[in-house]
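The paragraphs below go through a predicted model.

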Amino acid sequence: MGTGTDTLTATAREAVASACAQVRDGGDGDEVDGVRPGLVARPADTDQVAEVLRAAAAHGLTVVPRGRGTKLSWGTAPRSADVLLDVSGLDRVLEHAAGDLIVATQAGARLADVQQVVGEGGQWLALDETVPGASIGGTLAANTSGPRRVATGTARDLLIGVTVVRADGVVAKAGGKVVKNVAGYDLGKLVIGSAGTLAVVVDATFRLHPVAPARRWVTVAVDDAARAGALSQDVVHAQVVPSAVEVDWTPAGDGSVSVLLEGREDGVVARADAVRRLLGDAATVGTDAPAAGATYPWDLTATGDLRATALKLTFVLSGLTDVLAAAGAAGASVRGSAGAGVAYAALPSDRPAEEVAAAVDRLRAACASHGGTAVVVDAPAAVKAAVDVWGPVPALDLMRRVKDQFDPDHRLSPGRYVGGI
């Protein structure tokens, strides 16, 4: 197990300890993909986040941000973690402007808690909770999205303002009520999916959607990849305006296609009937989400070597058939958005690393042939060591230059992102 204590001199410890109210030594449960941090700092506000980062910069310490810790093993392990910056104390919903369909929230607030607050006004932040307990900051850092991205897009489409703290402790704001983008970049789009390598998100402002008064799921079992692909295409190209088109697939080559319709009751009933006709007589109509809901096709509670190899697959919509066929040949389960060309695959944890590497290559080739990628989101350490986790990455040089601009000393989550960023 790695550690972040080597560079923590007594002076550095004292500097971090004086920067915020709660600082302690890293312990069991604080590891970031096997790397134990030297210190855990839990600031209470943005000023304390900035103070911790200034102290870290002054003493040459590396810092890894943590929201609620639900996805800390995603990506690659950090090269170092002197300080784990726990932002779970920044957990307030700052403002719900129901009339403007806007919510501003701190990064450590749980997505579920934000949904409860805005739900009281008949609205919701259109991000599915793919990992229970996830924070707003973690959702942005990992750029997770669920079934409804077909209708409402991803966090990039919903974020209208963000406040971050740079590695040097400078607070920067963009979008929202602040017109000028102080850093000269579109901060919101940059930090989403950056795995905490560019800056620490402390609050974010999103546009909201009204909660639909009615919904129906139309689901049909399918035992052929080509059939799943054809049905998904039929729905996407029909005039039914689905909120989600989901596929759930097993290594045996069967599964289901599910379509979500939302809106006014009379319109939803009519559209659900139209979808049922597209999917065939065997299709069922109901109000409950498919059993898996918005979660991934792997065990979210597994840790260490018991973790499945988890992948994010992207492809043009017409590539679904080939991707499902490749998944079957690779022995992978698949779940995700057939309507958006973003799905997730899981390979069992007991597969030897060399077999996993071959399966990843097969999936990567299938996705690439349809304009997409296959990225290993999470995996046991032996698998991460045996495979190219990120795969080919376009514009890597540009991403490195952006990293150099935001974090020239590479103190934030070093090595967590593509190309060792």
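What distance separates the centres of domain 3 and domain 4, taken over C-alpha atoms? The separation is 24 Å. The model is predicted, with local features requiring pLDDT of at least 70 and side-chain atom pairs counting only at pLDDT 80 or more, while totals for chains, interfaces and linings use all residues. Residues are numbered from 1 along each chain as its sequence is written, and side-chain values use heavy atoms, leaving out hydrogens and water.

The chain is split into domain 1 (10-88 + 404-412), domain 2 (93-127 + 134-210), domain 3 (214-286) and domain 4 (309-395); the bounds come from an automatic or database domain assignment.

The buried area here is about 1,200 Å², and carbon and sulfur atoms give 59% of that. Buried area is the accessible area (1.4 Å probe) that two parts lose on being put together, summed over both. On the side of domain 3, Val 247, Trp 249 and Pro 251 lose the most area to domain 4, together 42% of what that side buries.

The two domains share one salt bridge, a side-chain nitrogen of Lys or Arg within 4 Å of a carboxyl oxygen of Asp or Glu. Arg 335 and Asp 248 form a salt bridge with their closest N and O atoms 3.5 Å apart. Helices (H or I, at least four residues) and strands (E, at least two) are DSSP runs, numbered from the N terminus.

Two loop residues follow. Is Thr 154 buried or exposed? Thr 154, in the loop between α5 (149-152) and α6 (155-158), is buried because its relative accessible area is 9%; buried means under 20%, exposed over 50%, and partly exposed in between (1.4 Å probe, protein chains only). Not counting residues up to four places away in sequence, Thr 154 touches Leu 127, Asn 143, Ser 145 and Arg 149.

Glu 129 sits in the loop between β9 (123-124) and α4 (136-142). At 30% relative accessibility, Glu 129 is partly exposed. Beyond its neighbours within four places in sequence, Glu 129 is in contact with Leu 111, Ala 112, Ala 134 and Ala 294. The side chain of Glu 129 also reaches the backbone nitrogen of Gly 133 at 3.2 Å.

Definitions and conventions. Contact means heavy atoms within 4.5 Å. A polar contact is a pair of N or O atoms within 3.5 Å; within protein, one must be able to donate a hydrogen and the other to accept it, and residues adjacent in sequence count only if both atoms are side-chain atoms.
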